[in-house]
Amino acid sequence: METALAAEYRRLCESPDTRQPLAYLRLRRAIRTVVEHRDIEPGQALPSERDLSHALGLSRVTVRKAIAGLVEEGLLTQRHGAGTFVAERIVKPMSRLTSFTEDLRARGLNPRSEFFERGIGEVTPEEAMAMNLSPGAAVVRLHRVRYAGDEPLAIERSVVPASVLPDPMAVRDSLYEALEQRNARPRRALQRLRAVSLSAQHARLLHVPTGSAGLSIERRSFLDDGRVVEFTSSWYRGDIYDFVAELHTD
Ligand code: 16G
């Protein structure tokens, strides 16, 4: 039995914090915490459903429900007959509007960025069309390589209206954190994905051979009132990321 997991689960049960009254949500939170703390590493197996239910005094249904949610989120993967593992590739659920920083932290990784550009400029005609801005409007521009520790994972170019975020230096590690501080975290986004072969320049920044598979992603995010808050072009490494969407018939 994974003792760190059992200890974390018990801690949550005993904590006066009653925000998580349901056992399956508590277990989900405990699993997330041990993965974040790397008590169970990517690629390692979780204890079996039977062992977990026995050790924690929970029903198999509860354990299954907790795990199913984390499989859907991409934190865990299940291999038929082999069990449940902490995902090795970074699985990015496409149904939730999360940031790079949040995605990595949720996997116990250390997100950081190297900035090539972090300043104010004038919107280009193409950006003005995409963002519904008037010609000449001021925008914040960010050009970053995004890392997990020392490993480069993605390149991103973001444009944000200066009316929403006047100071580019307010973006330290996370754009979404800076937006959140200004009460301007995006609520909805449109995203387009395209398979690409990484150019020599992008491949060099991402430490992969020229022509490696990549995903070119464009995201336009909106505030509740419909204003566009970001227009970001990203190039993600195809050898590390899985983009996963849940589909319904209706
Ligand atoms: C993600 C988003 C990007 C957003 C960034 C904010 C995709 C494909 N792109 O990388 O649009 O600007 O997160 O991350 O998911 P940050 O808050 O860590 O700067």
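Predicted model: local features only at pLDDT ≥ 70, side-chain atom pairs only at ≥ 80, totals over all residues.

Q: Which residues make the contact of helix 3 with helix 4?
A: From helix 3, take E49, R50, L52 and S53. From helix 4, take R60, V63, R64 and I67. By class, that contact has three nonpolar, one polar and four charged residues.

Q: Helix 4 also meets helix 2. At what angle do the axes of helix 2 and helix 4 cross?
A: Roughly 50°, and the axes come within 8 Å. Angles from 65 to 115 degrees count as roughly perpendicular and those under 35 as roughly parallel, so an angle between these ranges is oblique. Helix 2 passes helix 4 in a right-handed crossing.

Q: Which residues of helix 2 and helix 4 meet?
A: In helix 2, A23, Y24, L27, R28, I31 and R32. In helix 4, they meet T62, V63, K65, A66, I67, G69, L70 and E73. The classes are eight nonpolar, two polar and four charged.

Q: How do helix 1 and helix 2 pack?
A: Helix 1 covers residues 3-14 and helix 2 covers residues 23-36. The angle is about 130°, with the axes 9 Å apart. Helix 1 and helix 2 are therefore oblique to each other. The crossing of helix 1 past helix 2 is right-handed.

Q: What makes the contact of helix 1 and helix 2?
A: Helix 1 supplies A4, L5, E8, Y9, L12 and C13. Helix 2 supplies A23, R26, L27, R29, A30, I31, T33 and V34. Ten of these residues are nonpolar, one is polar and three are charged.

Q: Now the ligand. Which residues come nearest?
A: There are 17 residues around the ligand. T101, E156, S174, L175 and Y236 come nearest.

Q: Which side chains place a polar atom by an oxygen atom of the ligand?
A: Look for N or O pairs within 3.5 Å. S174 has a polar side-chain atom 2.5 Å from a ligand oxygen. For R219, a side-chain N or O atom is 2.9 Å from a ligand oxygen. For R144, the distance from a polar side-chain atom to a ligand oxygen is 3.0 Å.

Note on methods
Residues numbered from 1 in each chain as written. Heavy atoms only, no water. Axes fitted to C-alpha atoms, helices over the stretch in contact; angles between N-to-C directions. Helix = DSSP H or I, 4+ residues; strand = E, 2+ residues; numbered from the N terminus. Parallel < 35°, antiparallel > 145°, perpendicular 65-115°, else oblique. Left-handed = near helix turned anticlockwise from the far one by under 90°. Contact = heavy atoms within 4.5 Å. Nonpolar A, V, L, I, M, F, W, Y, C, P; charged D, E, K, R; others polar. Near = heavy atom within 4 Å. Polar contact = N/O pair within 3.5 Å; in protein donor to acceptor, adjacent residues only side chain to side chain.
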